[in-house]
Amino acid sequence: MNGFLKPYLFRATLFSGLALILGLSLSYIVYKSSTKVEKNTFELVNNYIPILNSTGQIIEILMAQERNIYEYFVTQNNSLFLAKQNEFNQTLAAQYLLITQQGAFANESTLLFKSQKQITALFENFHSTIQNRNRYNENDYWDELRIILAEISATRREMTPVLAAIKMSTQQNVINAKNATHQQVAKSHTVVALYSFSIILLGALIAWYIRQSIVNNAKMNRLALFPHRNPNPILSINNKGNIVFSNPAC
């Protein structure tokens, strides 16, 4: 290879290697970014949002439970009370299990479970008192029911701050995950734009150096072919230094 062309080809090779490295780096950055976004989305969909739904449902069911027992207190409808109570217990058990599975709320789950057992026991006591009304005189009977109702309300109110704390903590986690996702996406867009511009610039430089090497190589080939196409020398000088022939083409 002609020494005159080596700098062009060396620079073209150097920039080609740099473009390859930038391309691989961009692929790695995009992969890592998509992995983080996927992780944040997974936490939102599979952890935080279900907990938010669960806490909201538990609060609603606890209030519905209390309404149910007050209705039972008024109507004395045994079958309707038991049917609703069984439905509430099944739903609450599923929601408590979902919260328990989240290690971040182990203490809160224990408190909620204990409180719910107390409420269940109070409900059973309330139902038993109504079913055994004949054992009480009229005043004691109504006093006993009112005491049980007051204990149920107090226990539910004790559970409300715990559920509110879980909900607030989860909402903050949702906000953090959402912000992290937005920041990661914005960062990825910036990096992709910068790397893409750099790769385009390097591609242009590579193309320019390759073009220069081809042009210079063509010029050298033309010079190398000159003696073949013009076999006569440019000048012929004798031993005295006089010009005895000159090529008209020159």
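How many residues does the largest nonpolar core have, and which of them have the most contacts inside it? In this predicted model, the largest nonpolar core has 29 residues. Those with the most contacts inside it are Ile-58, Leu-62, Ile-69, Tyr-96, Leu-112, Phe-126 and Ile-166. At least two residues of this core come from each of α1 (6–75), α2 (78–100), α3 (106–131) and α4 (138–229). The most is given by α4, which supplies nine residues.

Apart from neighbours within four places in sequence, Leu-112 is in contact with Tyr-96, Met-159, Val-162, Leu-163 and Ile-166. There is also a second, separate core of five residues, among them Ala-19, Leu-22, Leu-202 and Ile-206. In soluble globular proteins, nonpolar side chains tend to be buried together.

The chain as a whole may now be described. Its secondary structure consists of four helices and two strands, arranged along the sequence in the pattern α-α-α-α-β-β. Of the 250 residues in the chain, 30% are buried. Among contacts between residues at least 6 apart in sequence, 74% join residues at least 24 apart. The chain exposes about 16,300 Å², and carbon and sulfur atoms supply 60% of that area.

Three salt bridges are found in a search of the whole structure. They are listed below.

| Salt bridge | Distance, N to O |
|---|---|
| Arg-156 and Glu-66 | 2.2 Å |
| Glu-71 and Lys-84 | 3.5 Å |
| Arg-146 and Asp-143 | 2.6 Å |

The side chains of Arg-156 and Glu-66 meet in a salt bridge. Arg-156 lies in helix α4 and Glu-66 in helix α1, so this pair ties together parts that are 90 residues apart in sequence. Both Arg-156 and Glu-66 are buried.

A further salt bridge joins the side chains of Glu-71 and Lys-84. Because Glu-71 belongs to helix α1 and Lys-84 to helix α2, the pair ties together parts that are 13 residues apart in sequence. Glu-71 counts as partly exposed, at 38% relative accessibility, and Lys-84 also counts as partly exposed, at 28%.

Arg-146 is partly exposed, with a relative accessible area of 46%. Asp-143 counts as partly exposed at 35% relative accessibility.

Conventions:
Residues are numbered from 1 along each chain as its sequence is written. This is a predicted model: local features need pLDDT of at least 70, side-chain atom pairs count only at pLDDT 80 or more; totals for chains, interfaces and linings use all residues. Side-chain values use heavy atoms; hydrogens and water are left out. A nonpolar core is a set of buried Ala, Val, Leu, Ile, Met, Phe, Trp, Tyr and Cys residues joined through side-chain atoms within 4.5 Å. Buried means under 20% relative accessible area, exposed over 50%, partly exposed in between (1.4 Å probe, protein chains only). Contact means heavy atoms within 4.5 Å. Accessible areas come from the Shrake-Rupley method with a 1.4 Å probe; for residues, only the protein chains shown count as cover. A salt bridge is a side-chain nitrogen of Lys or Arg within 4 Å of a carboxyl oxygen of Asp or Glu.
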